[in-house]
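The exercises below each set a task and then work through the solution step by step. Please keep the sequence and the model open while reading.

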Amino acid sequence: MATGSRTVRPRSSVWLSERKAPKRKGDQQPVGLDHVKIVAATMRLLDAEGLSGFSMRRLAAELGVTAMSVYWYVETKDHLLELALDAAMGEIALPAEAVGPVESQEHSPAEPRDWREQLRQLAAEYRQVMVRHSWLPALLGEYLNIGPNAVGFSNAALAVMRNSGLPDDKITSALSLVYQFVYGFGTIEGRFAARCRAAGLTQDELFHETMSSVADRMEFDESRKIMKARGGNTVEEMRDRDFTFALDLAIAGIEALRDR
């Protein structure tokens with residue numbers, strides 16, 4: 001694709017790269033360093049400082065090595081972020097009934113757990129990983145997300161939705177409904193949690209501080225009534241109630257359209 005006189009090429013992927021570790025005269029492979037340690041340190045830094053504070057130099061300092069030592073294992077910063085993205089996806093606990101190739105699910109002799117419960121598990125796990133790693137949502141739109149853990153998650157979701165009885169041509173649409181709902185919910189929840197940590201406040205403290213600052217605004221009266229009716233004594237309780245009911249609405253909609 002061309003933009004003016006500049007050609008914009010698709011971002012390369014670590015999962016499609018055949019690049020070998022660089023070797024120059026006098027170079028020696030760093031001792032005590034490997035992909036697992038590098039990715040773990042990357043995730044720690046991203047959790048603590050976010051994407052804006054991350055750099056290869058900062059990572060090298062965290063590991064106590066030179067930046068060139070890191071480049072023995074990863075070609076670019078983008079490739080490293082891809083590895084961190086897939087490692088985060090690997091934290092998602094998949095429904096046991098949905099693990100394995102989609103094709104094998106069609107002929108499984110065991111009676112699967114209700115697909116609704118499996119979908120709720122996937123949605124809850126997806127939400128938790130995005131809240132735990134508030135940098136994750138931004139990377140999901142930047143990279144191909146075709147690492148082994150991401151593919152495993154995708155296959156599990158397809159298997160679960162196939163058990164719903166939807167025709168094959170509607171499965172990806174139904175998954176998009178759930179994915180995009182959880183993505184939006186988890187992104188906002190994760191960013192709010194990160195903001196609270198940066199401010200040195202609990203989520204309840206920041207919430208009540210914000211509510212108090214708008215308490216006298218007349219245009220907020222109706223919203224305040226709804227918030228009171230919403231229930232929940234903490235921000236976490238309120239969010240959990242909202243998430244659970246919203247997900248139930250999505251599942252009910254999938255069932256209604258399937259039956260229609």
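**Exercise 1.** In which helix is the place of Pro137? State also whether Pro137 counts as buried or exposed.

Solution. This is a predicted model, in which local features need pLDDT of at least 70 and side-chain atom pairs count only at pLDDT 80 or more, while totals for chains, interfaces and linings use all residues. Residues are numbered from 1 along each chain as its sequence is written, and side-chain values use heavy atoms, with hydrogens and water left out. Pro137 has its place in helix α7, where helices (H or I, at least four residues) and strands (E, at least two) are DSSP runs numbered from the N terminus. Pro137 counts as buried because its relative accessibility is 4%; buried means under 20% relative accessible area, exposed over 50%, and partly exposed in between, with a 1.4 Å probe and protein chains only.

**Exercise 2.** Describe the loop between α7 and α8 through Asn145 and Ile146.

Solution. Begin with Asn145, which is found in this loop and has a phi near 55 degrees, a positive value in a residue other than glycine. Most residues other than glycine have a negative phi. Asn145 counts as partly exposed because its relative accessibility is 22%. Ile146 lies in the loop between α7 (136-140) and α8 (148-162), and at 35% relative accessibility Ile146 likewise counts as partly exposed.

**Exercise 3.** Find which residues line the largest cavity, and which elements they come from.

Solution. A cavity is a set of points, on a 1 Å grid over the protein atoms alone, where a 1.4 Å probe fits but cannot get out, and lining residues have an atom within 4 Å of a point. The structure holds one cavity of 30 Å³ or more, and about 50 Å³ of space lies in the largest cavity, a volume being the space filled by probe spheres set on the points, which are joined across faces, edges and corners. Its lining consists of Leu119, Leu122, Ala123, Tyr126, Phe153, Ala157, Leu175, Val178 and Tyr179. Two or more of these residues come from each of α6 (115-132), α8 and α9 (168-199), and α6 gives the most, with four residues. Finally, sort the lining by class: nine residues are nonpolar, none polar and none charged, where Ala, Val, Leu, Ile, Met, Phe, Trp, Tyr, Cys and Pro count as nonpolar, Asp, Glu, Lys and Arg as charged, and the others, Gly among them, as polar.

How values were computed
1 Å grid on protein atoms, 1.4 Å probe; cavity = no way out; pocket = protein on both sides within 12 Å on 5 of 7 lines; lining within 4 Å.
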